[in-house]
2 protein chains.
Amino acid sequence: MRAGEIAEPYPVVSLGVSALAAARLMAQGRLPGLVVTELDGRPKAVLPAWEVVRFMVPDYIQADPNLAGVVGDVSIERLAERLAKVSVGELLPATPMELPVMRSDDTVVELAAVMARLRSPLCAVVEDREIIGVVTASHLLELVCGGQSS
Amino acid sequence: MRAGEIAEPYPVVSLGVSALAAARLMAQGRLPGLVVTELDGRPKAVLPAWEVVRFMVPDYIQADPNLAGVVGDVSIERLAERLAKVSVGELLPATPMELPVMRSDDTVVELAAVMARLRSPLCAVVEDREIIGVVTASHLLELVCGGQSS
């Protein structure tokens with residue numbers, strides 16, 4: 001079985017997309033992360049959901065989570081506001097989470113090995129430099145374990 | 001808003017459960033990870049989906065993913081077999097991924113800060129030492145961004 005055979009459609013966002021739009025995509029699909037591309041469409045990075053969560057949290061609370069308990073409730077609207085102001089590119093850290101990129105004729109075991117090494121929730125599959133789909137870790141588990149009885 | 005108000009039901013497995021059963025739970029729900037508890041029910045760790053993917057891959061291919069291309073296809077059945085032989089406890093690494101555990105009266109911002117610091121796809125919420133539910137990073141994004149217009 002080859003990577004190209006199991007790749008599925010998946011939301012892909014470019015660096016220029018608003019962080020709020022990216023967050024909504026993850027929220028709607030309850031996705032663990034998104035594939036981020038350069039402005040020209042080349043695969044760039046994984047944006048894990050926790051990275052967006054981190055960005056929402058005010059800096060002084062990121063530095064010391066105990067402060068959140070002291071300051072009490074921060075309104076949900078304030079958190080969303082932070083996301084509305086930036087693009088996905090601005091939200092990514094200097095060394096973003098590496099996106100595993102496989103060719104469509106790579107084997108599923110190669111894909112699994114690379115995904116595991118990079119500790120990534122997903123992997124992009126490309127053909128002629130274009131992303132033809134994504135394989136998530138849980139989709140891979142479904143393929144391997146899904147149809148069998150115990 | 002407090003952690004206890006937004007916690008949702010979520011699969012929780014103990015260390016003694018078969019790794020194959022845990023993998024199936026993740027597969028069926030397309031979940032990024034599971035909450036793992038000690039045998040007595042105390043929260044223990046996050047089992048990310050990629051950790052299970054890693055375990056499926058034969059050791060010599062984990063060491064050098066290029067070898068997967070050389071040996072050709074490894075059958076899906078062989079990968080599932082590896083999972084059927086071990087428990088979740090045996091599959092966890094010596095230093096497993098830390099599970100964020102919040103109290104139900106912690107604020108959502110505290111929860112977000114801790115989740116972000118641990119780079120975790122999910123967070124357990126406890127009341128009287130018992131897990132009452134889980135908040136995933138994407139659920140948190142849904143709460144913050146879901147209902148608003150751009």
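To compare the two chains, copies are superposed by least squares on the C-alpha atoms of residues with pLDDT of at least 70 in both. Keep in mind that this is a predicted model, where local features need pLDDT of at least 70, side-chain atom pairs count only at pLDDT 80 or more, and totals for chains, interfaces and linings use all residues. For the labels, residues are numbered from 1 along each chain as its sequence is written, chains are lettered from A and ligands numbered from 1 in the order in which they are written, and side-chain values use heavy atoms, with hydrogens and water left out.

**Stop 1: both chains**

Show chains A and B together. A rotation of 180° with 0.0 Å of shift along its axis puts chain B on chain A, with an RMSD of 0.0 Å. That is how a two-fold axis relates things.

**Stop 2: chain A as a whole**

Now hide chain B. Chain A has 9 helices and 6 strands; helices (H or I, at least four residues) and strands (E, at least two) are DSSP runs, numbered from the N terminus. Its C-alpha trace spans about 55 × 45 × 25 Å along the principal axes. Of its 150 residues, 55% count as buried. Buried means under 20% relative accessible area, exposed means over 50%, and partly exposed is in between (1.4 Å probe, protein chains only).

**Stop 3**

Select residues 12–14, 33–37 and 43–48 of chain A. You're looking at an open sheet of 3 strands in the order β1-β2-β3, with mixed pairing. Two strands pair if DSSP finds at least two bridges between them. β1 and β3 of chain A are at the edges with a single partner strand each, so one side of each has no neighbour in the sheet. On average, neighbouring strands here are turned by 35° against each other, direction ignored.

Zoom in on β2(A). It runs parallel to β1(A), joined by 3 bridges, and V12(A) stands opposite V35(A). With β3(A) the pairing is antiparallel, over 5 bridges. Look for G33(A) opposite P48(A), and for L34(A) with its bridge partner L47(A). The hairpin of β2(A) and β3(A) has 5 residues between the strands, and there G41(A) takes a positive phi near 95°.

Which way do the residues of β2(A) point? G33(A), V35(A) and T37(A) go one way, L34(A) and V36(A) the other, and all are buried.

**Stop 3: T37(A)**

Click on T37(A), in strand β2 of chain A. Why does T37(A) count as buried? Because its relative accessibility is 6%. Leaving out residues up to four places away in sequence, T37(A) touches several others, among them V12(A), S14(A), K44(A) and I131(A). Contact here means heavy atoms within 4.5 Å.

**Stop 4: helices on the sheet**

α2(A) lies across β1, β2 and β3 of chain A, running at about 140° to β2(A). Axes are lines fitted to C-alpha atoms, for helices over the stretch in contact, and angles run from 0 to 180 degrees between N-to-C directions.

**Stop 5: over to chain B**

Select helices α2(B) (residues 19–29) and α6(B) (residues 76–84), whose axes come within 6 Å and cross at roughly 115°. A19(B), L20(B) and A23(B) of α2(B) meet A80(B), L83(B) and A84(B) of α6(B).

Is D128(B) buried or exposed? It counts as exposed, because its relative accessibility is 76%. D128(B) and R103(B) are 25 residues apart in sequence and 8.7 Å apart in space, C-alpha to C-alpha.
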